[in-house]
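Hi,

Here is the structure I promised to send over. Have a look at it first, and then read on for what turned up inside.

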Amino acid sequence: MEKREKFSSRLGFILISAGCAVGLGNVWRFPYITGKYGGAAFVLIYLIFLVILGLPIMIMEFSVGRASQKSAARSFHVLEPKGTKWHIESYFAMAGNYLLMMFYTTVGGWMIAYVFKNISGEFTGLSPEEVGGVFNGMLAQPVYMTVWMVITVLLSFFICSLGLQNGVERITKIMMGFLFVILIILCIRSVTLDGAIEGLKFYLVPDFGKIAEYGIFEVVFAAMGQSFFTLSLGIGAMAIFGSYLSKERTLTGESISICCLDTLVAIMAGLVIFPACFAFGVDPGEGPGLVFVTLPNIFNQMAGGRIFGTLFFVFMSFAALSSIIAVFENIISFSRDLFGWERKKAVLVNLIAIILLSMPCVLGFNVFSSFAPLGAGTTIQDLEDFIVSNNLLPLGSLVYLLFCTSRYGWGWKNFIKEADTGKGVKFPKWARFYVSYILPFIVLFIFVMGYVQKFSR
Ligand code: TRP
């Protein structure tokens, strides 16, 4: 058996994990949900959930990864008490990673396509309706979307094929660096626009009336779901990086840094989008089209909009690619752990598999658009997203949670020993009651509410 690869530096680990966490969830989903639920009050609830729900589960995933030295494909087998069945979760975790990529690569492709649409000035001089038409026109073209999806997949697997340190770690570090620089430039541009102040108020001053309008449950549920998704929890996507990590630092400390970076990017993405919306009189509650329709319209009206538009979509592409690379790394390590394959072989086989598996999502917008699995207007993408976000993430998180706290699982003592190994912040002992007896019910509640909300309209 070859020796397990390790990160070359602590910064590498933090930036890769942050790169996995920082993705479409931060730059696309977070702004549009925030816009929909009325801004600051929603943000406040979301922040609370990151701390009371996301952070402890992230620490648990990292602990399972570091202690087992395996990906989610084998980690439960290694750590579970003899004769127990916790490892059933490994199949769901693997399925979750593949399913996530089945729709994520398509959206990643849209982002890269939009970089080129901006560079080439395709939007210049178009009316708002025509800009919307560009997006819908893209959805109607299966070949065009397939090409960009394949480019996204090839690029990401190529980086993974270079190895953990030379590929994933090196490239993600560079991308995350640029991502922060571009984000700061865009933030400065946006908050200094005339009329930006109204957007800042909407985004930063809570208006609890909005929450009453939607009903507190719906808003709380949306905030909970977002906190799982944005931190990449529940399907072992983070656990893999624990398995590459040395024992020098405690996992609580590292998880806090990663959560903070993820949140910083989400909050700043909002600082780019909301002031711009208000400055140009555009509704931020647009929904998923916010990034592809509303924003190109804003850039159209803005001086130097072509440059800022290009920068914006480069930023979006980096966020998407860093998450895709991270999940591919996880997928590659599944086949290495399961079949003992070399990296190159694992890359090749999964490359083909992911391209084929991504096709239903691409075709769901055009060839199969009459198939509406979750009700009128929904697509195969919505179905895949629903299976992952509303099922595998909360239930998987619940399994990690119980595995680490129950004496029938890996157990509290083992978990705490692993989490607290190294220098840095220790897992607070008083939190044991909370994570053992309260948090599981919160997670279960999210799961049930997800269904109630989805099917009660
Ligand atoms: N967190 C990423 C985002 O915000 C998406 C992501 C990557 C993810 N890996 C995951 C979500 C695993 C859930 C589970 O876009």
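Let me start with the second largest cavity, which holds about 50 Å³ of space. A cavity here is a set of points, on a 1 Å grid over the protein atoms alone, where a 1.4 Å probe fits but cannot get out, and lining residues have an atom within 4 Å of a point. Grid points are joined across faces, edges and corners, and a volume is the space filled by probe spheres set on the points.

Before going further: this is a predicted model, in which local features need pLDDT of at least 70 and side-chain atom pairs count only at pLDDT 80 or more, while totals for chains, interfaces and linings use all residues. Residues are numbered from 1 along each chain as its sequence is written, and side-chain values use heavy atoms, with hydrogens and water left out.

Back to that second largest cavity. Its lining is made up of L186, R189, S190, V272, A276, L295, F299, M302 and F308. Helix 8 (164–191), helix 13 (251–279) and helix 14 (294–301) each give two or more residues to this lining, with helix 8 giving the most, at 3 residues. (Helices are DSSP runs of H or I, at least four residues, numbered from the N terminus.) By class, the lining has 7 nonpolar, 1 polar and 1 charged residues; Ala, Val, Leu, Ile, Met, Phe, Trp, Tyr, Cys and Pro count as nonpolar, Asp, Glu, Lys and Arg as charged, and the others, Gly among them, as polar.

Now the largest cavity, with about 160 Å³ of space. It is lined by 18 residues, and C20, L100, Y104, F229 and S232 are the closest to its centre.

For polar contacts (N or O pairs within 3.5 Å), a polar side-chain atom of Y104 is 2.5 Å from a ligand oxygen. A polar backbone atom of L24 is 2.9 Å from an oxygen atom of the ligand.

Cheers

Notes. Polar contact = N/O pair within 3.5 Å; in protein donor to acceptor, adjacent residues only side chain to side chain. 1 Å grid on protein atoms, 1.4 Å probe; cavity = no way out; pocket = protein on both sides within 12 Å on 5 of 7 lines; lining within 4 Å.
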